[in-house]
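Dear colleague,

Please find below the structure that I am handing over to you. My findings follow directly after it.

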Amino acid sequence: MLENKIYYPIKRKDKPDKIKLPNVYLKQNKYTIVVTFQLEGRQFQDKFLNIGGALEVMYSADMMGRIDEKGYISYVYSADTILGRISAKDVRVVDKGLILMEDVFWDFVHNPHLLIAGGTGGGKTVLLRSILNGLLREGLVEILDPKQADFVSLAELPVLQDRVVFEVADMINKIIEFKENMEIRYATMRQLQKEKNQKELGNFQEYELKPAFLIIDEFPSLRAMMSEDREMMLEAERAMGALKQIILKGRQAGFFAIIATQNVKADDLPSTFKDNIMTRISVGRLSQFSYEVIFGEENKNKYFKYIEQINGERVYGRGYYGVFGSPAREFFSPELPDSKEFSFYDEFETLERVDLEFDKQDVVIKIYTAKELSDELKLDYRVFKKYKSEFETAGQEFDKTFSTSDLIMFERAISYKSSGKTYQVAVSEAIL
């Protein structure tokens, strides 16, 4: 503060001038440093409102957030992040979500879907297998491995049998099947809602249903394979449409996508994906442009560092973690234990297979035309078209027919509208 002349000079007769420093507060916890400045319209207010980046460099730490309070501004930085690293064998789903570090959780219920980007040799494979170690205990996991690289060896394990695919036709069918299972889940939940005499449809957890996860490794490779097979072109378009519906509608039903890739290019991910995949992780070395695509506008001025060594030792799995629309923070993916003590294959071999509830219930999925859906909703058809138009303006896509999940989404919008909200707000909240 002295070097940057952030102080108030106090003149004194016949004596050297004194200085008075503004009120600044520093708090250091195990993993964070919090710096708070008093504002209240004082002389250095503008400097304090823009000092976050300079402090990030000074502390060699990553800014995790900025907190505006009455008369104060606080900057929160990660510190000694590597101390929070956990072992890959300890990745589990807990109350806060899937634990990835001591203080980092993927809360897939509230921040659905996950994008992982990792350069060659950056630790993406270990991260994906660590995530798999936690999710296999919690729900059903389907895996698409177009490069036949990291998951083929696990395909014959009982816990993953028939759930790891790598041929283009099988991968297309798996995406479509996953989306159809999501629709079955919505029909199941709707039945349970009626049985419980509930006015509002809850999420999958309220009905004690298991989550389902679709892991797509090397997503650009999958898209390239689908575009090259001309005979599968129509089915490939259907699969991409199904994947969009999973990302748009999967959260409430407990259906989540995990998309992994290397450096992300602008056209690798459709805008629907980028806007609705809420949790993002990078590991290893990426291009600055990839960081901007992954972590969004909020982090466009952030300096993303690549660190190869810590304390003289090569470090793998270092990168960044963030929720879309929030500052990204330094991240260390779970560490692979000594191979003499642990292997993913041996660990997965001990796990019980998790199935969904579909074999236990007779669920009928209804498909509606636009007129049939408006009748089911008891809406005048012109009003129905107004809702449909607002949904499409908000980025929602519909097929020629409508599904159970579409019905539920319209019902939510109608409920929000009846509480006094505008069409636009009601539709936006219904999508979320």
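The mean positions of the 60 positive and 68 negative charges of the chain lie 8 Å apart. Lys and Arg were counted as positive and Asp and Glu as negative, while His and the chain ends were not counted; each charge is placed at NZ of Lys, CZ of Arg, CG of Asp or CD of Glu.

Please note that this is a predicted model, in which local features need pLDDT of at least 70, side-chain atom pairs count only at pLDDT 80 or more, and totals for chains, interfaces and linings use all residues. Residues are numbered from 1 along each chain as its sequence is written, and side-chain values use heavy atoms, with hydrogens and water left out.

The chain has 13 helices and 19 strands; these are DSSP runs numbered from the N terminus (helices: H or I, at least four residues; strands: E, at least two). Of its 432 residues, 51% count as buried. Here buried means under 20% relative accessible area, exposed over 50%, and partly exposed in between, with a 1.4 Å probe and protein chains only.

Helix α4 covers residues 168–195. Because 20 of its 28 residues are buried, α4 is largely enclosed by the rest of the structure. Just after α4, asparagine 197 takes a positive phi of about 55°.

The charged side chains also form pairs. There are 26 salt bridges in the count, a salt bridge being a side-chain nitrogen of Lys or Arg within 4 Å of a carboxyl oxygen of Asp or Glu. One of them joins arginine 329 and aspartate 103, at 3.2 Å from N to O. Arginine 329 lies in strand β19 and aspartate 103 in the loop between β8 and β9, so the pair ties together parts that are 226 residues apart in sequence. Arginine 329 is buried at 7% relative accessible area, whereas aspartate 103 is partly exposed at 27%.

Another salt bridge pairs glutamate 180 with arginine 238, at 3.3 Å from N to O. Since glutamate 180 belongs to helix α4 and arginine 238 to helix α6, this pair ties together parts 58 residues apart in sequence. Glutamate 180 is partly exposed at 38% relative accessibility, and arginine 238 is partly exposed at 43%.

Helix α6 also holds lysine 244. Lysine 244 forms a salt bridge with glutamate 397, the closest N and O atoms being 3.6 Å apart. Glutamate 397 sits in the loop between α11 and α12, 153 residues from its partner.

Yours sincerely

Terms used: The expected span of a helix is 1.5 Å times one less than its number of residues.
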